[in-house]
Amino acid sequence: MNPRQQELAARIAGRRGAVRGPFRVWLHSPEMCERAESLGAFARFDCALPRHLRELTLLMAARNWDAQYSWNAHVRQAIEAGIPEAAVKAVAEKREAVFDDDADQAFYQFCREVLENHFVSDETFARALEHFGPKGLVDTIGALGNFTMLGMCLNTFQVDLQADREPPFPDIRGYARVVPDGDGPRP
C-alpha cells in the first residue's frame with residue numbers, strides 16, 4: 001500500500017477493529033474509500049435512526065442485493081438490537097415481515113417500497129414521515145444508498161463469503177442465483 005492507503009487503513013482499523021470486507025476493495029481508490037467509509041460510519045453509527053432500524057436498513061439492502069457477506073456480518077447485531085428473528089427470516093426469504101411496533105412496520109414498509117418499487121406511495125411516505133420526520137427519512141435514504149453501494153461492491157468483487165457461515169438466502173449460492181427446483185446456478 002502507498003502512504004495514503006496505509007493512512008486510511010489505519011483509520012478504518014482504528015474505528016472498525018480491522019480492514020475487512022469492502023474496505024479491502026475500496027482502498028484501491030483511496031478517495032472513494034475515504035468518502036465511502038465516512039458515509040458508512042454515519043449510516044451505521046450517527047444517523048437519526050435508532051440502532052435497530054439502522055441494522056434493519058442494512059439487512060434489507062443486503063437482501064435486495066443478495067449481499068451475503070454484509071448479511072452475515074450484521075444478522076446477529078440486528079437481532080441483538082431488537083429486530084425480531086421472525087422478521088429477519090422473512091426478509092431473508094423475501095417474504096413480508098411483520099412488526100408489532102407501528103413505527104417499525106412503517107419503517108419497514110417505507111424501505112421495502114424504495115428498494116422494490118423505486119418509489120414510495122403517498123400513504124407510506126406520510127406514515128413514515130409521521131414517525132421519523134424529514135431528517136429521519138433523509139437519513140434512511142442515505143443509509144439505503146450506502147448499504148446498496150456496499151452490496152454492489154461485495155458481490156462485484158466477490159468478497160469472502162465467510163465459509164464458516166451458513167448461506168443466508170435460499171435462492172443464492174456463491175455469487176449466483178439458484179434455479180428454484182434446486183438444479184444449480186442459473187446460467
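Predicted model: local features only at pLDDT ≥ 70, side-chain atom pairs only at ≥ 80, totals over all residues.
Let me start with Arg63, which lies in helix α4, residues 51–64, where a helix is a DSSP run of H or I of at least four residues, a strand is a run of E of at least two, and both are numbered from the N terminus. Residues are numbered from 1 along each chain as its sequence is written, and side-chain values use heavy atoms, with hydrogens and water left out.

Arg63 is buried, with a relative accessible area of 3%; buried here means under 20% relative accessible area, exposed means over 50%, and partly exposed is in between, with a 1.4 Å probe and protein chains only. The charged end of Arg63 sits over the ring of Phe169, 4.2 Å from the ring centre, and the rule for that wording is that NZ of Lys or CZ of Arg is within 6 Å of the ring centre and within 35 degrees of the ring normal. If we leave aside neighbours within four places in sequence, Arg63 is in contact with Trp71, Val91, Ala92, Lys94, Phe169, Pro170, Asp171 and Ile172, contact meaning heavy atoms within 4.5 Å.

Now to the helices that α4 packs against. With helix α8, residues 122–156, the packing angle is about 40 degrees and the axes are 9 Å apart; the axes are lines fitted to C-alpha atoms, for helices over the stretch in contact, and the angles run from 0 to 180 degrees between N-to-C directions. That makes α4 oblique to α8, since angles under 35 degrees count as roughly parallel, over 145 as roughly antiparallel, 65 to 115 as roughly perpendicular and the rest as oblique. The crossing of α4 and α8 is right-handed, which is the term used if the near helix is turned clockwise from the far one, whereas left-handed is used if the near helix is turned anticlockwise by less than a right angle. On the α4 side this contact is made by Leu53, Arg54, Thr57, Leu58 and Ala61, and on the α8 side by Phe132, Thr140, Ala143, Leu144, Phe147 and Thr148.

With helix α7, residues 102–117, the axes of α4 come within 11 Å and cross at roughly 30 degrees, and that makes α4 roughly parallel to α7. This crossing of α4 and α7 is also right-handed. The residues of α4 that meet α7 are His52, Leu53, Leu56, Thr57, Met60, Ala61 and Asn64, and their partners in α7 are Asp104, Phe107, Tyr108, Cys111, Arg112 and Leu115.

What covers the buried residues of α6? The cover includes α4, α5 (68–81) and α7, and the buried residues in α6, residues 85–92, are Ala87, Val88, Ala90, Val91 and Ala92. Just after α6 comes Lys94, with a positive phi of about 60 degrees, although Lys94 is not a glycine. For context, most residues other than glycine have a negative phi. Lys94 is found in the loop between α6 and α7, and at 47% relative accessibility Lys94 counts as partly exposed. Gln158 has a positive phi as well, near 45 degrees, again in a residue other than glycine, and Gln158 lies in the loop between α8 and β1 (172–173).

I will turn next to the aromatic pairs. Rings of Phe, Tyr and Trp, the last by its six-membered ring, pair if their centres lie within 6.5 Å, and planes under 30 degrees apart count as stacked, over 60 as edge-to-face and the rest as tilted. By this rule the count comes to five aromatic pairs. Among them is the edge-to-face pair of Phe23 and Trp26, at 5.6 Å centre to centre with 80 degrees between the planes. Both residues lie in helix α2, residues 22–26, three residues apart, about one turn of the helix. Phe23 counts as buried at 9% relative accessibility, and Trp26 counts as buried at 9%. The rings of Phe99 and Tyr108 have their centres 5.6 Å apart and their planes at 45 degrees, so that pair is tilted; Phe99 and Tyr108 are buried too.

Finally, a residue in α8: Thr124 is buried, at 9% relative accessibility, and, not counting residues up to four places away in sequence, Thr124 touches Gln109, Phe110 and Glu113.
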